[in-house]
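Please look at the sequence and the model before reading on.

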Protein chains: 2
Amino acid sequence: MAKITAPMVKKLREMTNLAMMECKAALVEAEGDLDKAVEVLRKKGAIKSAKRADREAAEGSIQSYVHSNGKIGVILEMRCETDFVAKNNDFQRCARDICMHIAWADPAAVDRHGLPNEMIEKEKAIYKDQVKDKPEHIINKILEGKLKDFFERVCLVDQKFVKDQNKTVGDVITEQAHKMGENIYVNRFARFEVGG
Amino acid sequence: MAKITAPMVKKLREMTNLAMMECKAALVEAEGDLDKAVEVLRKKGAIKSAKRADREAAEGSIQSYVHSNGKIGVILEMRCETDFVAKNNDFQRCARDICMHIAWADPAAVDRHGLPNEMIEKEKAIYKDQVKDKPEHIINKILEGKLKDFFERVCLVDQKFVKDQNKTVGDVITEQAHKMGENIYVNRFARFEVGG
């Protein structure tokens, strides 16, 4: 089996804007060939256009937000493809809005692939215990629903956006990507709370 | 042996402004008794005054700094004892200065106790290899010196302060503590660089 290295996964993530585990799985299937991995993802419908996969989101902007009480602060790296977009006011405002959202909503990770495995397993164990008396044929459906709810509570991209509860933060990022005509994503964030 | 929990260590850190490992060791020696642990540290000369140990640094301020190019940013939690000091302009300016320093100097941790063990062991192995042909009786002295240099490069409190190279960041924090008359320390920081 071909060895899949972290830089290869990183590169594919930058090319596709997809989550780490998806990229890793595609690279395993493509035996480490980056172009083939892109094809694998296209065939699966995970990425829609060829163009998008050809372009790297290697540029970006760091934004921060400190709540007026000085007790909560957030820093965030938002990626895009060109420095032109990185310096765009609208792009930077979007990044700052997401910082403010993070200060408020306190997500545990950017997406479900960023959550520690133990955290997910612990949740699953709790849900399994909760549904153990239900009829067998609906258990999986209930578990799936509970896990989905969990992700919506703790994953940044799945959370309802603080400024518009009809959208998720993921929707806001996708809108921004369309507006800018570039591949855009939140690469990482940190949220500090005094004594937290 | 008494179980030493993370909250106990945290509490003692807040009381003494000392590093985690020092506090843990003192708690082990004091068999988990917080007051005894303070005594242990006093006897060792690790903390100087009784007063200082009686006061918690449970308040503080979050500050951030983003470099004008938008490519490097820092967030920092600076602790103090009262909200009065947390809201003090001078205290907040000091925290912002340290943010700026971190953006520039890219430290790996607040102090040596925050460095990953593997990182220190790796450095030690390199130095040992470098000095292996030196006379036995000076090897330890050279190793000590090299390790000290290493800490001065990678530990925030040991680094020369960006705005005044005659002081370390640790000196700046101590000065601020004297000025405010409170126990003050950097609890944690995060430094983001686009693509970093």
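At what angle do the axes of helix H1 and helix H2 of chain B cross? The model is predicted, and in it the axes of H1 (residues 6-16) and H2 (residues 20-29) of chain B cross at roughly 110° and come within 9 Å. An angle from 65 to 115 degrees counts as roughly perpendicular, so H1(B) and H2(B) are roughly perpendicular to each other. The crossing of H1(B) with H2(B) is right-handed.

On the H1(B) side, the residues in contact are Met8(B), Val9(B), Leu12(B), Arg13(B) and Thr16(B). They meet Met20(B), Cys23(B), Lys24(B), Ala26(B) and Leu27(B) of H2(B). Sorted by class, the residues of this contact are seven nonpolar, one polar and two charged.

H7(B) passes H8(B) in a right-handed crossing. Among the residues of H7(B) in this contact are Met119(B), Ile120(B), Tyr127(B) and Val131(B). The residues they and their neighbours meet in H8(B) include Ile139(B), Leu143(B), Phe150(B) and Arg153(B). The contact of H7(B) with H8(B) has 10 nonpolar, one polar and five charged residues.

| Helix pair | Angle between axes | Axes |
|---|---|---|
| H1(B) and H2(B) | roughly 110° | within 9 Å |

**The sheets**

Strands of a sheet pair through backbone hydrogen bonds, either parallel or antiparallel. Which order do the three strands of the open sheet in chain A have? The order is S1-S2-S5, with antiparallel pairing. Strand S1 (59-66) and strand S5 (185-193) of chain A are the edge strands, and each pairs on one side only. On average, neighbouring strands of this sheet are turned by 10° against each other, direction ignored. Strand S2 (residues 72-80) of chain A runs antiparallel to S5(A), and eight bridges join them. In one of the pairings with S5(A), Leu76(A) has Phe189(A) as its bridge partner.

Chain B has an open sheet of three strands in the order S1-S2-S5, and its pairing is antiparallel. S1 (59-66) and S5 (185-193) of chain B each have a single partner strand, so one side of each is left without a neighbour in the sheet. S1(B) pairs with strand S2 (residues 72-80) of chain B over eight bridges, in the antiparallel sense. Here Val66(B) has Gly73(B) in S2(B) as its bridge partner.

Chain B also contains a hairpin formed by S3(B) and S4(B), with two residues between them. Strand S3 (residues 160-161) and strand S4 (residues 164-168) of chain B run antiparallel and are joined by two bridges. The bridge partner of Lys160(B) in S4(B) is Thr168(B).

**The two chains together**

Two copies of a chain are related by a rotation about an axis and a shift along it.

Notes: Residues are numbered from 1 along each chain as its sequence is written. Chains are lettered from A and ligands numbered from 1 in the order in which they are written. This is a predicted model: local features need pLDDT of at least 70, side-chain atom pairs count only at pLDDT 80 or more; totals for chains, interfaces and linings use all residues. Side-chain values use heavy atoms; hydrogens and water are left out. Axes are lines fitted to C-alpha atoms, for helices over the stretch in contact, and angles run from 0 to 180 degrees between N-to-C directions. Helices (H or I, at least four residues) and strands (E, at least two) are DSSP runs, numbered from the N terminus. Angles under 35 degrees count as roughly parallel, over 145 as roughly antiparallel, 65 to 115 as roughly perpendicular and the rest as oblique. A crossing is left-handed if the near helix is turned anticlockwise from the far one by less than a right angle, and right-handed if clockwise. Contact means heavy atoms within 4.5 Å. Ala, Val, Leu, Ile, Met, Phe, Trp, Tyr, Cys and Pro count as nonpolar, Asp, Glu, Lys and Arg as charged, and the others, Gly among them, as polar. Two strands pair if DSSP finds at least two bridges between them.
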